[in-house]
Amino acid sequence: MQRIFSGIQPTGIPQLGNYLGAIRNWVALQRDHECIFCLVDMHAITVWQDPAALRQQTLAQTAVLLASGIDPQAHILFNQSAVSAHARLGWIFNCVSRLGWLNRMTQFKDKAGKDRENHSAGLYVYPNLMAADILAYKATRVPVGDDQRQHLELANDIAQKFNHDYGVDFFPAIEALIPPGAARVMSLRDGTKKMSKSDPSAQSRIEMTDDADTIALKIRRAKTDPEPLPTDPAELTARPEARNLVEIYAVLANMTAADVLARHGGEGFGPFKSALADVLIATVGPIASETRRLLDDPEHLQTVLRDGAARAQAIAEPVVSEVERLVGFLK
């Protein structure tokens, strides 16, 4: 079985986009891979976080992952900062990676914008730490979205340069796993923007802790346009809010957009939103209920993370210790 590494930032409350874009895929990957799942709290602080909130959100993210079906006994679930190998290998990769490589990273440019001089150095070297996260475990597959593909290419460049510089065949090549038809869930308030945990408006997203009444209310309030739903999917192209709601329904119901429109085309948004809320409640409701139950027992969640960190450390420590020997560090 090939080893998978994947990480998710424990900031904000996980929302539907996180679930459909990543978490649901993680659950499926458990069937035929050795999986290492990580709450990347070191990446999270590349932008300032309230310490108490970060601790609580790390537990909340853990609860959502468990409630969604992540199995911490068969696989590994832990928080990044609990395993020192990440920071140690990350620094070595800072010295292997080249400034020209980092300057080409579009995600930093997008996040920093014109104010790049005021952003943290950590945000700039974020891809080097991501490479360390993966290669500390010699993982060969990483499920990523399109926005992380460039970082994964950099991780492979770093691995190849390390192998070349030290005359070894130590780090393996990493394969990007991009799920076919991966869901791209957009904001309920603006169909041109991705659904985000950091959006100031909670009405823009379905959170994985929302109860049935909250989900139904958010869907009723979701932005739409005055026209009824079309019968032809091509007509959704110029209607971003309608397209978003149809695609959410399709992904949750395991249908195509054409299937959804064959059933609901010609309807006004009132009846369609009611049907969509029912589908969402059927999916999110049980996860939200189990998440709330798990959050009532924070000691259990911490035990899961501590156990996962010990098992992750057992894999990463020999790898990183050998890297330190190869670069010439005295023990």
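A pocket, on a 1 Å grid over the protein atoms alone, is an open set of points with protein on both sides within 12 Å along at least five of seven lines, whereas a cavity is a set of points where a 1.4 Å probe fits but cannot get out; lining residues have an atom within 4 Å of a point. Grid points are joined across faces, edges and corners, and a volume is the space filled by probe spheres set on the points. The model is predicted, with local features needing pLDDT of at least 70 and side-chain atom pairs counting only at pLDDT 80 or more, while totals for chains, interfaces and linings use all residues. Residues are numbered from 1 along each chain as its sequence is written, and side-chain values use heavy atoms, with hydrogens and water left out.

Q: How much space lies in the largest pocket?
A: The lining of this largest pocket is made up of 42 residues, and those closest to its centre are N18, Q107, D147, Q148 and K194. The space in the largest pocket comes to about 1600 Å³.

Q: Which element gives the most to the lining of the largest pocket?
A: Helices (H or I, at least four residues) and strands (E, at least two) are DSSP runs, numbered from the N terminus. Two or more residues of the lining of the largest pocket come from each of β1 (3-8), α6 (106-112), α8 (126-135), β4 (141-143) and α1 (16-29). With six residues, the element that gives the most is α1.

Q: In which sense do β1 and β2 pair?
A: Two strands pair if DSSP finds at least two bridges between them, and β1 and β2 (residues 34-39) have six bridges. R3 stands opposite E34 in β2. The sense in which β1 and β2 pair is parallel.

Q: Which element supplies the largest share of the lining of the second largest pocket?
A: The second largest pocket holds about 250 Å³ of space, and its lining includes D41, N79 and A309. Two or more residues of that lining come from each of α14 (298-327) and α3 (51-68). The largest share, five residues, comes from α3.

Q: How far apart in space are N79 and A309, C-alpha to C-alpha?
A: N79 lies in strand β3 (residues 76-79) and is buried (under 20% relative accessible area, against over 50% for exposed and in between for partly exposed, with a 1.4 Å probe and protein chains only), because its relative accessible area is 14%. In sequence N79 and A309 are 230 residues apart, yet their C-alpha to C-alpha distance in space is 6.9 Å.

Q: Which element gives the largest share of the lining of the largest cavity?
A: The structure holds one cavity of 30 Å³ or more, and the largest cavity has about 50 Å³ of space. Q107, F108, K111, L123, Y126, P127 and H151 line this cavity, and α6 and α8 each supply at least two of the lining residues. The largest share, three residues, comes from α6.

Q: What distance separates the end C-alpha atoms of α9?
A: The expected span of a helix is 1.5 Å times one less than its number of residues. Helix α9 (residues 149-165) has 17 residues and so should span 24 Å. This agrees with the distance between its end C-alpha atoms, 24 Å.
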